[in-house]
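Student: Please go through this model with me, one topic at a time.

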Amino acid sequence: YPLRRQRQMCIRDRLWRNVGMYYIYQHEFEEFSVDMVLKLFDTKGKTIRYSIYPKKNKQEIANVIEESPHLELHPKNYTHFLSIVNIRKKFYVGFAPKDYFFSFENATRKISDDVISRAFFKLKETVDRMHLKLDNNIKAIDIGAAPGGWTQYLSQVVGEVVAIDPADLKIPLNPNIKHLKLKAEEALPLLPKRSFDLIVCDINRYGHILYDILAKVEPLLKEGGYILVTLKMLKRTVNSAPAVLEKNTQEFLKVLPDFDVVKILWLLSNSHERCLIARRKFSHSDSQQK
C-alpha cells in the first residue's frame with residue numbers, strides 16, 4: 001500500500017481485521033541496494049525493523065541489509081519500519097515511523113508480568129487507532145476501574161487519572177493515580193465539574209443501564225472532551241452487529257444528547273467487543289472561538 005493510505009487502513013475495521021500482513025511502498029527499483037535506501041530515506045539516528053516479501057528472496061536481501069554498517073537494526077526496539085517487496089521483477093520499498101500506523105502485535109500481545117490484564121491493550125488499541133493526543137496535560141476518569149487495566153495504561157500516557165470503583169485496584173498506585181473507592185454517583189460531588197478531558201468505562205453493563213451511569217459523571221467532562229466506553233457484544237448478537245450498534249448509538253445519544261458519536265471500533269483485542277468513542281459538543285460561543 002502507498003504510505004498515504006496507511007491512516008485509512010488503521011480506521012477501516014473490516015479491511016484492517018482481514019489483512020494478515022501488508023507492506024508500504026514509496027519508491028520502486030529494478031535492483032535493491034542499501035545505498036539507494038540511504039539516498040532516499042533519512043535513516044540517521046533511526047532504529048529499523050525490516051520486512052521482506054516473498055520468503056524465497058528474504059535471506060538474500062536480509063544479508064545485504066544486515067551487512068551494512070550504516071543501518072541500525074533491531075527486531076523489537078525499533079523506531080521505523082522498512083518494507084521491501086520483490087515482485088514482477090521490481091523492488092517496492094517504503095520507510096515509515098513505527099507509530100505512523102497501528103501494529104497488530106500491540107492488539108494481540110500476551111499479558112506480561114507488568115500488565116494487570118488484557119484490558120490494558122484494549123484501551124491502548126483504541127487510543128492508537130483513533131490517534132488521540134494524550135499527554136501530561138490530560139486529566140482522565142476511569143469508571144469501574146478495578147482491577148486496573150485501563151487505569152494502568154492511562155497512568156502512563158496522561159497527567160492525572162481518577163479511578164472510581166468500590167473494589168481494590170491490583171496495580172501500583174503511581175503518584176498520578178487517585179483511587180476513589182466509591183460508586184460513580186457517590187464520587188461526583190467530590191470532583192470539580194468540567195475539569196476532565198477524558199472519561200473511560202469498561203464495565204460489564206449493557207444499553208441504557210451503562211449510559212445512565214455515564215450520564216451521572218458526564219458533567220465532569222470539558223467541552224470537546226471524549227468518552228470511551230466498551231460495548232459488550234453478546235455472542236448471539238455478533239452476527240446482527242450493525243443493527244445492535246445502531247441501537248446502541250441511538251440509546252447513547254438519547255441519554256447523552258450533548259455528545260456526538262465519533263466512531264465505534266471493532267476491537268482486535270477482543271472480537272466480541274466494540275469501543276464507542278463520543279465527544280462532547282462545544283457550546284455555540286466556544287465553537288466560534290475554535
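Student: Which residue in β12 is the bridge partner of aspartate 260?

Tutor: The partner of aspartate 260 is arginine 279 in β12, where strands (E, at least two residues) and helices (H or I, at least four residues) are DSSP runs numbered from the N terminus. This is a predicted model, in which local features need pLDDT of at least 70 and side-chain atom pairs count only at pLDDT 80 or more, while totals for chains, interfaces and linings use all residues. Residues are numbered from 1 along each chain as its sequence is written, and side-chain values use heavy atoms, with hydrogens and water left out.

Student: In what sense do β11 and β12 pair, and over how many bridges?

Tutor: β11 and β12 are paired in the antiparallel sense over seven bridges; two strands are said to pair if DSSP finds at least two bridges between them.

Student: What is the strand order of the open sheet?

Tutor: The open sheet has seven strands in the order β8-β7-β6-β9-β10-β12-β11, and its pairing is mixed. β8 and β11 (259-266) are at the edges with a single partner strand each, so one side of each has no neighbour in the sheet. From one strand to the next the twist averages 15 degrees, with axes being lines fitted to C-alpha atoms (for helices, over the stretch in contact) and angles running from 0 to 180 degrees between N-to-C directions.

Student: And in which sense do β9 and β10 pair?

Tutor: β9 and β10 pair in the parallel sense, over five bridges, and leucine 221 in β10 is the bridge partner of phenylalanine 196. Nine of the twelve residues of β10 are buried, so β10 is largely enclosed by the rest of the structure; buried means under 20% relative accessible area, exposed means over 50%, and partly exposed is in between (1.4 Å probe, protein chains only).

Student: Which strands does α9 lie across?

Tutor: α9 lies across β6, β9, β10 and β12, and runs at about 160 degrees to β10. Helix α10 (residues 241-255) also packs on the sheet, where it touches β10, β11 and β12, and its direction makes about 155 degrees with that of β11.

Student: Back to β12 for a moment: is isoleucine 277 buried or exposed?

Tutor: Isoleucine 277, which lies in strand β12 (residues 273-280), is buried, with a relative accessible area of 0%. Leaving aside neighbours within four places in sequence, its contacts (heavy atoms within 4.5 Å) include Thr126, Met130, Tyr226 and Leu265. Isoleucine 277 and leucine 265 are twelve residues apart in sequence, and their C-alpha atoms are 8.0 Å apart in space.

Student: Which residues have the most contacts inside the largest nonpolar core?

Tutor: Ile141, Ile143 and Leu214 have the most contacts inside that core, which has 32 residues. A nonpolar core is a set of buried Ala, Val, Leu, Ile, Met, Phe, Trp, Tyr and Cys residues joined through side-chain atoms within 4.5 Å. Helix α9 (residues 207-217) provides the largest share of this core, namely five residues. A second, separate core has 22 residues, including Ala119, Met130, Tyr153 and Leu154.

Student: Why is helix α7 described as largely enclosed?

Tutor: Seven of the nine residues of helix α7 (residues 149-157) are buried, so α7 is largely enclosed by the rest of the structure. Among the elements covering its buried residues are α6 (119-130), β6 (139-143) and β7 (160-164).

Student: What does glutamine 152 contact?

Tutor: Glutamine 152, in helix α7, is buried at a relative accessible area of 9%. Apart from neighbours within four places in sequence, glutamine 152 is in contact with Asp114, Val115, Ile116, Phe120 and Ile171. A polar atom of the glutamine 152 side chain lies 3.1 Å from the backbone nitrogen of isoleucine 116.

Student: What is the phi of arginine 88?

Tutor: Arginine 88 has a positive phi of about 55 degrees although it is not a glycine. Arginine 88 is placed in the loop between β4 (80-87) and β5 (90-97), and is exposed, with a relative accessible area of 65%.

Terms used. Polar contact = N/O pair within 3.5 Å; in protein donor to acceptor, adjacent residues only side chain to side chain.
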